[in-house]
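Welcome! Please take a moment to look over the structure below, and then read on for a short tour.

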Amino acid sequence: MVRRHIAGRGISDARVLDAMASVPREHFVRPGLSHRAYADGPLPIGEGQTISQPYVVAWMAEAAELGTEDRVLEVGTGSGYAAAVLGLIAAEVYTIERHAVLAEGARERLHRLGYGNVHVRYGDGTAGWNEHAPYDAIVVAAAGPDVPEALCDQLVAEGRLVMPLGRPWRGQSLVRLRRGPKGSFTREELGAVRFVPLVGQDELPLRNAPMRPPPASRPRPESR
Ligand code: SAH
């Protein structure tokens, strides 16, 4: 899978390729689907959610430009697969999932497989995880119309945030925000993707050049 679908499609960061080759994806999919664990596609994990396509996991990890000392926040734990990959590359991974049953399953699985530097929290990831902020990199594994302001605030200077932006289930664009030394953000579009919706910011309007969401005083919808 790694040679054909990951390296074969242009991922070249050696640490990303090593991590992708090392995480046993069959442990992160439902038992009846383990024969498809190494095909390059998303698979259902329950609660209407999916484990991401391996190529996209590798693409986001590479785009986040992770260093071995980095502290990473992931929004959208799902199965815990991408968090395990990130955990093999970076120092600490903090990951948040809004479905309690998925968060619990991922926590148990990551513990059982020995990913001791991956920490799972059940909650609304659009608010980030302030206790462990700031992060060198933030990876958002669900698509929204705009980058939540709290996530921008929890990124270090020179930090990278990778997130799909766009309408749910429609054409979305994988975007990398880079925080400059003085706190301003630059934005790059990396390519087309299709992700499940980031729940918790549905009310935000889609803008052409999303950089900052409306003021924090705006009421947020319930996270579950
Ligand atoms: N990275 C995962 C796949 C993520 S699918 C893996 O490797 O398996 C996206 C996940 O984001 C879903 O599980 C969904 O429930 C979760 N999600 C959506 N909105 C969220 C939010 N506001 N906070 C936390 N998790 C959220």
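## About the model

Before we start, please keep in mind that this is a predicted model.

## Around the ligand

The ligand is surrounded by 27 residues. Ser79, Glu97, Asp124, Gly125 and Val199 are the closest of them. Sorted by class, this shell holds 11 nonpolar residues, 12 polar ones and four charged ones.

The side chain of Glu74 has an N or O atom 3.2 Å from a nitrogen atom of the ligand. The backbone takes part as well: an N or O atom of the Ala82 backbone is 3.1 Å from a ligand oxygen atom, and a backbone N or O atom of Arg98 is 3.3 Å from a ligand nitrogen atom. On its own the ligand would expose 590 Å², and the protein buries 99% of that area.

## The pocket and its elements

Where does the ligand sit? The space that the ligand takes is the largest pocket.

## A look at Ser79

Ser79, one of the closest residues to the ligand, belongs to the loop between strand E3 (71–75) and H4. Is Ser79 buried or exposed? Its relative accessible area is 5%, under the 20% cut-off, so Ser79 counts as buried. The Ser79 side chain also reaches the backbone nitrogen of Tyr81, at 3.1 Å.

## Helix H3

Next comes helix H3, which spans residues 54–63. How many of its 10 residues are buried? The count is nine, so the helix is mostly covered, with buried meaning under 20% relative accessible area. Among the buried residues of H3 are Pro54, Tyr55, Trp59 and Met60. Just after H3 you will find Glu65, which takes a positive phi of about 50°.

## Val140 in strand E6

Our last stop is Val140, a residue of strand E6 (residues 135–140). Why does Val140 count as buried? Its relative accessibility is 0%, and therefore it falls under the 20% cut-off. Val140 also shows how chain positions can come together: Val140 and Val75 are 65 residues apart in sequence, yet their C-alpha atoms are 4.7 Å apart in space.

Definitions and conventions:
Residues numbered from 1 in each chain as written. Predicted model: local features only at pLDDT ≥ 70, side-chain atom pairs only at ≥ 80, totals over all residues. Heavy atoms only, no water. Near = heavy atom within 4 Å. Polar contact = N/O pair within 3.5 Å; in protein donor to acceptor, adjacent residues only side chain to side chain. Areas by Shrake-Rupley, 256 points an atom, 1.4 Å probe, with all protein chains shown as cover. 1 Å grid on protein atoms, 1.4 Å probe; cavity = no way out; pocket = protein on both sides within 12 Å on 5 of 7 lines; lining within 4 Å. Sits in = over half its atoms within 2 Å of the grid points. Nonpolar A, V, L, I, M, F, W, Y, C, P; charged D, E, K, R; others polar. Buried < 20%, exposed > 50% of the residue type's maximum accessible area, 1.4 Å probe, protein only. Helix = DSSP H or I, 4+ residues; strand = E, 2+ residues; numbered from the N terminus.
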